[in-house]
Structure formats: C-alpha cells, structure tokens
Amino acid sequence: MPTVRELLNPVGLHPAPGFSHVSVAPAGRVAYIAGQTALGPDFGLIGPGDLAEQTRAAMRNVEIALEAVGASWGDVMRRTIYTLQPTEYETITRAIEEVQGSAEHPAQTILGVTGLAVDGLLIEIEVTAHLF
C-alpha cells in the first residue's frame, strides 16, 4: 500500500539535507522499532570501523523489523540515529539512501554519543512507523 505520510520542510527553518523537519501521519496504528545496529543474526559485528557499512547493516536490520509488521520505508514517520560520529551525516545519509532506495527522508534526529551497547558499534538507528 502506498504511503500517505506528508513530509514538510517549513520556510524559515534551515535546509534539511537527508531528513524532513516534519512528518505527518494519518490516523492508524504506530510501530516503534527498537534501535538497530550492525550486529548480524550471530551477534557478530558487521563492518568494524566502517561507518558506512555499519549504517547499511543497521538499516537492513530496521528493514527486517519493518517487514515483520507489514511496513516499508514509506511508512517511517520518524528516525533517530545515535552515533559516535555525528558530524559524518553525509556518509550516514548516503548509506541510508542506498538501503532504502530513495532520497526521501522522514523527520530525523542525529545524536552524538560516547558509546553504544557493544564495543565496536558506531551507529544505532530506531524508527517509528505508521501502520495502515
């Protein structure tokens, strides 16, 4: 089912490279997808030291979770990214776009952190999705 979310970048706010300032969802159910990282099914680290590869791996894990609830990238209303390298948002954005196959982004926040739950992780991505 095609998405009906509305993405807005109001005049008066700074340009939004790789995200939208506002995502508006129609009535429906909401899925909260826990932060996903570059850990494989065997709990092994994917892409040690490589932010782009870890971002792609985390996004592939988000995609698995979305599919489990019958959602797709167009249903994602909000994305929060926790990373040890927050100023590398261009690298993060390119990797996200590779996985989702689109340059269309929901509302997003990137937070710089000093560490994540498993040594070697550089990024964690959580999303909120609208379910029809």
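Modeller: First a definition: helices (H or I, at least four residues) and strands (E, at least two) are DSSP runs, numbered from the N terminus. This is a predicted model, where local features need pLDDT of at least 70, side-chain atom pairs count only at pLDDT 80 or more, and totals for chains, interfaces and linings use all residues. Residues are numbered from 1 along each chain as its sequence is written, and side-chain values use heavy atoms, with hydrogens and water left out.

Biologist: OK, where is Gly 120 found?
Modeller: Gly 120 sits in the loop between strand 5 and strand 6.

Biologist: What is Gly 120 in contact with, leaving aside neighbours within four places in sequence?
Modeller: Leu 45 and Gln 54, where contact means heavy atoms within 4.5 Å.

Biologist: Tell me about Gln 54. Which element is it in?
Modeller: Gln 54 belongs to helix 1. With 0% relative accessibility, Gln 54 counts as buried. A polar atom of its side chain lies 2.7 Å from the backbone nitrogen of Leu 122. Beyond neighbours within four places in sequence, the contacts of Gln 54 include Ala 38, Pro 48, Gly 120 and Ile 123.

Biologist: Switching to the sheet: what's the strand order?
Modeller: The order is 3-6-4-5, in an open sheet of four strands with mixed pairing. Two strands pair if DSSP finds at least two bridges between them. Strand 3 (29–36) and strand 5 (107–112) are at the edges with a single partner strand each, so one side of each has no neighbour in the sheet.

Biologist: And how do strand 4 and strand 6 run?
Modeller: Strand 4 (residues 76–83) and strand 6 (residues 123–131) run antiparallel, joined by seven bridges. For instance, Tyr 82 has Glu 124 in strand 6 as its bridge partner.

Biologist: What does helix 1 touch on the sheet?
Modeller: Helix 1 (residues 51–68) packs on the sheet and touches strand 3, strand 4 and strand 6, its direction making about 30 degrees with that of strand 6. Helix 2 (residues 89–100) packs on the sheet too, touching strand 4, strand 5 and strand 6, at about 135 degrees to the direction of strand 4. Axes here are lines fitted to C-alpha atoms, for helices over the stretch in contact, and angles run from 0 to 180 degrees between N-to-C directions.

Biologist: How many residues does the largest nonpolar core have?
Modeller: It has 21 residues, and Leu 66, Trp 73, Ile 125 and Val 127 have the most contacts inside it. Helix 1 gives the most to this core, with six residues. A nonpolar core is a set of buried Ala, Val, Leu, Ile, Met, Phe, Trp, Tyr and Cys residues joined through side-chain atoms within 4.5 Å.

Biologist: Last one: how many helices and strands does the chain have?
Modeller: Two helices and six strands, running β-β-β-α-β-α-β-β from the N terminus on. Of the 132 residues, 42% count as buried.

Definitions and conventions:
Buried means under 20% relative accessible area, exposed over 50%, partly exposed in between (1.4 Å probe, protein chains only). A polar contact is a pair of N or O atoms within 3.5 Å; within protein, one must be able to donate a hydrogen and the other to accept it, and residues adjacent in sequence count only if both atoms are side-chain atoms.
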